[in-house]
Amino acid sequence: MKPVGKNKGTNDVHKDCISETAPEASTDLQCACFTCPSQEACKAAQEAEITAPVEEKIDFSNVEIEPLFKDFVDFETFSKSDFRAVKVLACEAVPKSKKLLKFTLDDGTGENRTILSGIHAYYEPEQLIGKTCVAITNLPPRAMMGIESCGMLLSAVHHENGEERLNLLMLDPHIPAGAKLY
């Protein structure tokens, strides 16, 4: 809520809590609101303002990225790739593999999709359950470690201080499974 003034003391007065009939009643309240019946809304707003996350400053000075491709891809070729938002329903390490994670995904079709990804060095399976990710869903199925993988999850890769770093692309959780990405 946006503060619109000050009450006796140092608390802000929030526009949503102001009563048009008795603004002077605020002087007797502990919270800054004029006539907030329970004062809960104002307290919650004040706590949210106090605990608002501070944006982390990221140092990219030691980051190396791969050079961009010099060859162009025509739009028709690019548009054949089907990028979709997928929800991670389950994720587990593939037995006898140090790298592979097996994802069970909701791709919006009503049937679960299995995709294997070699990102176990960067993520533990339980970190990814419930996340919304980006997948290419129309790649031909490919067997890995005896399991058919039906697509590819997208990640961002770079090197930092000589060490490879990988971030699985994760989307806002409000984006539904199956949403097409352009």
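**A walk through strand, salt bridges and pockets**

Ser149 is found in strand β9, which covers residues 147-149. The model around this residue is a predicted one. Is Ser149 buried or exposed? Ser149 is buried, because its relative accessible area is 3% and the cut-off for buried is under 20%. Look at its neighbours next.

Now turn to charge. Side chains of opposite charge can pair when their charged atoms come close. How many salt bridges does a search of the whole structure find? The search finds four.

Start with Asp82. Its side chain meets that of Arg84 in a salt bridge, at 2.7 Å from N to O. Asp82 counts as buried, at 17% relative accessibility. Arg84 counts as partly exposed, at 25%. The side chain of Asp82 also meets that of Lys180 in a salt bridge, at 3.2 Å from N to O. Lys180 lies in strand β13 (residues 180-181), while Asp82 lies in the loop between α2 (75-78) and β4 (83-93), so this pair ties together parts that are 98 residues apart in sequence. Lys180 counts as partly exposed, with 31% relative accessibility.

Another salt bridge joins the side chains of Glu163 and Arg165, at 3.8 Å from N to O. Glu163 counts as partly exposed, at 47% relative accessibility. Arg165 is partly exposed too, with a relative accessible area of 33%. Salt bridges that share partners join Asp82, Arg84 and Lys180 into one network.

The largest pocket has a volume of about 390 Å³. Of the 20 residues that line it, the closest to its centre are Leu116, Ser117, Gly118, Met152 and Leu153. The largest share comes from β6, with three residues. By class, the lining of the largest pocket has 12 nonpolar, six polar and two charged residues.

The second largest pocket holds about 160 Å³ of space. Phe69, Lys70, Asp71, Phe72, Val73 and Phe78 line this pocket. Its lining has four nonpolar, no polar and two charged residues.

Notes:
Residues numbered from 1 in each chain as written. Predicted model: local features only at pLDDT ≥ 70, side-chain atom pairs only at ≥ 80, totals over all residues. Heavy atoms only, no water. Buried < 20%, exposed > 50% of the residue type's maximum accessible area, 1.4 Å probe, protein only. Helix = DSSP H or I, 4+ residues; strand = E, 2+ residues; numbered from the N terminus. 1 Å grid on protein atoms, 1.4 Å probe; cavity = no way out; pocket = protein on both sides within 12 Å on 5 of 7 lines; lining within 4 Å. Points joined across faces, edges and corners; volume = space filled by probe spheres on them. Nonpolar A, V, L, I, M, F, W, Y, C, P; charged D, E, K, R; others polar.
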